[in-house]
Amino acid sequence: MDRTKKAIVDAFWQALDEKPFNKITVKNIVELCGVNRNTFYYHFMDIQQVMEYALKDDVDKLMSISFNPETHMDCLKQILSLMQSRQKAMLHLYNSIQRELFIKTLDSMSLYTVKKYVDNSPEISKLPSDEQELVIYYFKCTFVGVMLDWFDSGMEYDLLSRTHKMNKI
């Protein structure tokens with residue numbers, strides 16, 4: 001990503017930390033990153049496209065990290081660290097009209113991390129492929145479900161410690 005595009009995306013995240021998605025304007029973004037409106041429109045059609053690009057960029061960053069999870073909990077930790085690093089922004093997106101795209105992003109992140117776990121698990125990799133797919137589906141759906149509940153609560157509770165407790169039961 002070139003510097004200008006990165007500056008626009010960074011300004012978008014900064015604006016989203018401060019206000020809900022539907023309150024962000026192109027003017028807010030260009031003022032935060034110090035570019036003019038024409039430069040913004042050269043890189044993006046609108047704020048919706050910036051949001052889609054920013055979320056995809058986060059998924060790409062997650063996927064580019066050298067990540068070899070040993071447990072399914074390692075997968076959840078990886079996603080939660082990203083969500084917590086932008087807590088207010090993520091809540092603003094979740095509570096916006098863009099919820100569907102946000103949920104698709106959670107789904108992509110969960111699917112990617114769980115597939116990595118299955119690929120790295122000697123026990124699971126011995127299973128027939130249809131059973132491996134079932135494990136992937138189960139953990140992906142579980143992760144997305146518990147994260148959606150966490151977002152519904154306003155990210156008020158410590159999801160990781162709750163999940164650790166549940167894992168021990």
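## The loop between H9 and H10

Met155 sits in the loop between H9 and H10, in what is a predicted model. Although Met155 is not a glycine, its phi is positive, at about 60°. Is Met155 buried or exposed? With a relative accessibility of 6%, Met155 counts as buried, because the cut-off for that class is a relative accessible area under 20%.

Asp149 belongs to helix H9, which covers residues 129–152.

## The chain as a whole

The protein chain contains ten helices and zero strands, so that its pattern, read along the sequence, is α-α-α-α-α-α-α-α-α-α. The C-alpha trace spans about 55 × 30 × 20 Å along its principal axes.

Of the 169 residues in the protein chain, 44% are buried. When contacts between residues at least 6 apart in sequence are considered, 68% of them join residues that are at least 24 apart.

Helix H2 runs over residues 26–33, and its buried residues are Val26, Asn28, Ile29, Val30 and Cys33. The cover over these buried residues includes helix H1 (3–18), helix H3 (37–43) and helix H4 (47–64). Just after H2 comes Gly34, which takes a positive phi of about 75°.

## The packing of H5 and H9

Two packed helices are described by the angle between their axes and the distance between the axes. For H5 and H9 the angle is about 35° and the axes are 11 Å apart, and the crossing of these two helices is right-handed. On the side of H5 the contact is made by His72, Cys75, Leu76, Ile79, Leu80, Met83 and Gln84, and on the side of H9 by Phe139, Phe143, Met147, Trp150 and Phe151. Sorted by class, the contact of H5 with H9 has ten nonpolar and two polar residues, with no charged residues.

## Ser110 in helix H7

Ser110 is found in helix H7, which covers residues 99–120. Ser110 counts as buried, because its relative accessibility is 0%. Which residues does Ser110 touch, not counting those up to four places away in sequence? They are Ile79, Lys140, Phe143, Val144 and Met147; among these, Ile79 of H5 and Phe143 and Met147 of H9 also take part in the contact of H5 with H9.

## The largest pocket

Rolling a probe the size of a water molecule over the atoms shows where empty space is left. The largest pocket holds about 260 Å³ of space. Its lining is made up of 14 residues, and those that lie nearest its centre are Thr142, Val146, Thr163, Met166 and Asn167. Helix H5 (72–85), H9 and helix H10 (159–168) are the elements that give two or more residues to this lining.

Which element gives the most to the lining of the largest pocket? H9 does, with six residues. By class, the lining of the largest pocket has eight nonpolar residues, four polar residues and two charged residues.

How values were computed: Residues are numbered from 1 along each chain as its sequence is written. This is a predicted model: local features need pLDDT of at least 70, side-chain atom pairs count only at pLDDT 80 or more; totals for chains, interfaces and linings use all residues. Side-chain values use heavy atoms; hydrogens and water are left out. Buried means under 20% relative accessible area, exposed over 50%, partly exposed in between (1.4 Å probe, protein chains only). Helices (H or I, at least four residues) and strands (E, at least two) are DSSP runs, numbered from the N terminus. Contact means heavy atoms within 4.5 Å. On a 1 Å grid over the protein atoms alone, a cavity is a set of points where a 1.4 Å probe fits but cannot get out, and a pocket is an open set with protein on both sides within 12 Å along at least five of seven lines; lining residues have an atom within 4 Å of a point. Grid points are joined across faces, edges and corners, and a volume is the space filled by probe spheres set on the points. Ala, Val, Leu, Ile, Met, Phe, Trp, Tyr, Cys and Pro count as nonpolar, Asp, Glu, Lys and Arg as charged, and the others, Gly among them, as polar. Axes are lines fitted to C-alpha atoms, for helices over the stretch in contact, and angles run from 0 to 180 degrees between N-to-C directions. A crossing is left-handed if the near helix is turned anticlockwise from the far one by less than a right angle, and right-handed if clockwise.
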